[in-house]
Amino acid sequence: MESIEAELYRAMYRIRRFEETVLDNFPKGVFFGTTHTYLGQEANAVGVLHHLRREDVVFSNHRCHGHFLAYGGEVRALFAELMGKASGVCGGRGGSQHLHWRNFYSNGVQGGIVPIAAGAALAEKRKGTRAATVVFLGDGTLGEGVVYEAFNLAALWQAPILFVVENNHIAQTTPVELALAGSISARFAAFDIPAHELDTSDVMEIFPIASALLEQARAQSAPRALILHTWRFGPHSKGDDTRPADVIARLRQSRDPLTLHGARLSQSEKEAIEAQAEEEIQRAFQQALADPYPTAADL
Amino acid sequence: MPTVLDSLNTALHQALAQDERVLILGEDVLDPYGGAFKVTRGLSNAFPGRVLTTPISEAGFTGLAIGMALRGLRPVVEIMFGDFLTLAADQIINHAAKFRWMYNGNKSEAEQARLPLVIRTPMGGRRGYGPTHSQTLEKHFLGTPGLIVLSPCALGAPGKLLLDAILLTNDPLLFVENKLLYLLQVQDISHTDEFEFYIYDDQANAELGFAAPTYLCRVRGAPPPILTLTAYGYMVELAQQAQRRLAYEHEVFAELVVPTVLSPCRMQPLLISLERTGGLLVIEEGTRHLGWGAEILARSTEAMGARLKRAYRLAAKDLPIPASGPLEAEVLPSVEKIIQSCLEMTRRG
């Protein structure tokens with residue numbers, strides 16, 4: 001039986017290698033469109049979603065690969081979706097940003113999924129399933145008005161939902177300082193939604209707090225918020241990072257969730273996990289590569 | 001006969017009674033007020049906890065309903081004025097209408113995301129409400145793949161159309177109710193001295209899950225028609241008045257084709273009529289430019305070629321709707337304008 005530390009490391013490492021494999025292979029023309037990688041933010045998805053129960057529901061955004069994999073989505077199906085293959089999560093119709101599998105949904109328009117997540121939470125409440133709903137949003141999304149309509153409705157009607165704000169400090173190329181007035185926690189306070197704020201890249205700090213908040217949302221059938229100050233190491237999509245290289249180098253040194261958490265494992269355990277994950281990722285990539293494209297009959 | 005308002009209100013009562021997954025969401029829908037146009041009157045008293053009055057957040061509560069529908073409920077949203085649909089446009093176009101197709105590329109029936117959502121809204125002018133409370137905006141939603149658009153009229157059973165949409169359709173559906181329909185009496189098409197009716201599309205449709213009729217209306221006892229009119233919603237009432245006067249005052253005989261499904265477009269009943277008459281006038285309350293009528297004319301022309309000898313549109317002028325009564329009447333189609341258009345068409349041969 002693997003320790004929880006090892007499980008979390010494995011989950012984060014898979015996301016890291018998935019995203020690196022995507023960026024490495026994009027120039028080869030194997031993927032369609034664009035991608036938004038989760039490099040550096042892995043502890044958020046893993047720390048939150050590791051607690052999910054089978055009936056729980058997750059809503060995500062354009063930067064959804066990490067959420068999808070942490071939810072339990074298949075690596076091959078995700079590669080295949082990005083490649084536009086028939087074996088993809090949505091048969092190649094959605095691509096990188098538009099995923100649905102079991103109780104996981106993502107969409108590529110900022111903010112719009114947030115009231116939908118609140119509605120899903122209220123539906124589960126009415127059905128009496130005791131499911132909690134998690135919705136991920138970023139600092140950039142806080143500019144969208146519909147987000148506040150959703151906060152208001154979720155609080156008013158006591159939706160069992162956890163809002164996870166991943167403040168990665170940059171929206172495409174716009175630093176958070178140029179886009180966001182006031183504080184993030186005060187936004188939730190205005191709606192009487194209890195919020196917990198963490199400035200960390202350590203999955204072991206996120207993990208227990210997320211557990212407590214999810215249990216509160218579930219037990220009290222009420223909204224909760226988790227504000228995670230985080231950093232993305234990669235570009236917004238592919239080659240559009242305007243931040244100086246030394247800034248990113250410093251972030252990678254001080255805020256890498258894999259380094260922080262990897263220190264808790266023995267070298268041999270870490271290497272074994274990494275080798276297994278690497279093998280899984282590369283095999284899934286090759287399988288997806290060999291999978292056929294959909295045809296006109298699949299429209 | 002009940003009014004269209006009664007018919008729709010009864011349908012909402014029946015929907016709530018027949019399926020516990022049905023919920024109503026909208027602004028000011030609670031009793032005793034019962035909604036700005038009273039379509040939801042009596043519902044919250046009869047079904048406490050299932051009629052949810054919302055904050056003024058059209059995008060927010062439409063999104064909420066989308067989430068509820070995705071997770072197995074059958075919500076019905078009321079947008080107080082159709083003009084406010086624009087506030088929920090991102091929810092409707094980029095979320096609700098997309099999900100079924102976008103998410104279900106390779107999924108089994110059981111795994112598919114489905115979204116049984118009805119969005120009802122009153123549209124249209126002639127109440128003096130001015131530019132932002134009088135529009136006919138459905139044209140902006142008619143070209144959205146994945147979104148069904150229905151519009152009841154006073155013919156037949158408007159309430160049944162709504163009830164079937166709520167209980168039987170598993171996809172997002174916009175239900176457009178012209179405000180002036182509300183107080184019209186429902187026309188029982190089986191007993192009428194003035195008109196005779198035929199019904200098309202009376203079989204359950206795979207896309208909708210139920211039968212949504214198209215009506216054909218002729219002046220009773222009239223000679224064969226030389227012109228086809230087509231209209232939906234409240235324009236049907238004006239078209240019928242014009243039809244009657246054209247017959248009695250001008251001896252011009254027209255038949256009227258009335259769809260209740262606007263999107264996806266159903267052409268067959270109209271084309272059958274056009275094969276008889278060779279002439280078409282499309283009547284719509286929306287603005288003329290790039291509207292419903294443009295699509296109907298395009299499809300008619302594609303299908304009929306030279307057999308379609310005359311084809312015209314009567315629509316609102318391409319202006320906002322003025323508040324002043326005389327100005328509003330200038331902008332919108334009227335019985336007189338329909339008669340004039342028909343007479344011009346027949347004069348031109």
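Let's start at B:Pro264. This proline sits in the loop between strand 11 (261-263) and helix 8 (268-277) of chain B. B:Ser263 and B:Pro264 are joined by a cis peptide bond, with omega about 0°. Keep in mind that this is a predicted model.

Chain B has another cis bond to show you. B:Asp31 and B:Pro32 are joined that way, and omega there is about 5°. B:Pro32 lies in the loop between strand 1 (22-26) and helix 2 (43-46) of chain B. Why point these out? Most peptide bonds are trans, and most residues other than glycine have a negative phi.

That brings us to phi. B:Lys38 has a phi near 70°, a positive value, and this residue is not a glycine. B:Lys38 is placed in the loop between strand 1 and helix 2 of chain B. Is B:Lys38 buried or partly exposed? B:Lys38 has 14 other C-beta atoms within 10 Å, so it counts as partly exposed.

A:Gln172 falls in the loop between strand 6 (170-171) and strand 7 (174-175) of chain A. A:Gln172 is partly exposed because it has 13 C-beta neighbours inside 10 Å.

Back to strand 11 of chain B. This strand belongs to an open sheet of seven strands. The order is 2-1-3-4-6-5-11, and the pairing is mixed. Which strands stand at the edges? Strand 2 (51-53) and strand 11 of chain B do. Each has a single partner strand, so one side of each has no neighbour in the sheet. From one strand to the next, the twist averages 25°.

The partner of interest is strand 5 (residues 148-150) of chain B. Strand 5 and strand 11 of chain B run antiparallel, joined by two bridges. Within that pair, B:Val149 stands opposite B:Ser263.

B:Leu262 is buried, because 23 other C-beta atoms lie within 10 Å. Which residues does B:Leu262 touch, leaving aside neighbours within four places in sequence? Among them are B:Glu138, B:Leu142, B:Val149, B:Tyr232 and B:Trp292. Take B:Tyr232. B:Leu262 and B:Tyr232 are 30 residues apart in sequence, but 8.4 Å apart in space, C-alpha to C-alpha.

Next, strand 9 (residues 227-230) of chain B. Both of its faces are covered. B:Leu227 and B:Leu229 are on one side, B:Thr228 and B:Thr230 are on the other, and all are buried. Strand 9 pairs with strand 10 (residues 254-259) of chain B in the parallel sense, over four bridges. There, B:Leu227 stands opposite B:Ala254.

Let's zoom out to domains. Chain B is divided into domain 1 (4-181) and domain 2 (195-348). Their C-alpha centres lie 26 Å apart. Where they meet, 31 residues of domain 1 are in contact with 28 residues of domain 2. On the domain 1 side, the elements giving two or more residues are helix 5 (139-142), strand 5, helix 6 (158-168) and strand 6 (173-178) of chain B. By class, that side has 15 nonpolar, 12 polar and four charged residues.

Now the two chains. Their contact takes 29 residues from chain A and 25 residues from chain B. On the chain A side, helix 5 and helix 6 (145-156) of chain A are the elements that give two or more residues. Helix 5 of chain A gives the largest share, 11 residues. By class, the chain A side has 14 nonpolar, nine polar and six charged residues.

Last stop: the core. In soluble globular proteins, nonpolar side chains tend to be buried together. Here, the largest nonpolar core has 193 residues. A:Ala118 and A:Val135 have the most contacts inside it. Helix 5 (residues 113-127) of chain A brings the largest share of this core, nine residues. Domain 1 and domain 2 of chain B both give residues to this core, so it lies between them.

Finish with A:Val135. Beyond its neighbours within four places in sequence, A:Val135 is in contact with several residues, including A:Phe59, A:Ile113, A:Ala117 and A:Phe163.

Key. Residues numbered from 1 in each chain as written. Chains lettered and ligands numbered in written order. Predicted model: local features only at pLDDT ≥ 70, side-chain atom pairs only at ≥ 80, totals over all residues. Core = buried A, V, L, I, M, F, W, Y, C linked by C-beta atoms within 7 Å. Buried ≥ 20, exposed ≤ 12 C-beta atoms within 10 Å, placed from the backbone. Domains from an automatic or database assignment. Contact = placed C-beta atoms within 7 Å. Nonpolar A, V, L, I, M, F, W, Y, C, P; charged D, E, K, R; others polar. Pairing = 2+ DSSP bridges. Axes fitted to C-alpha atoms, helices over the stretch in contact; angles between N-to-C directions.
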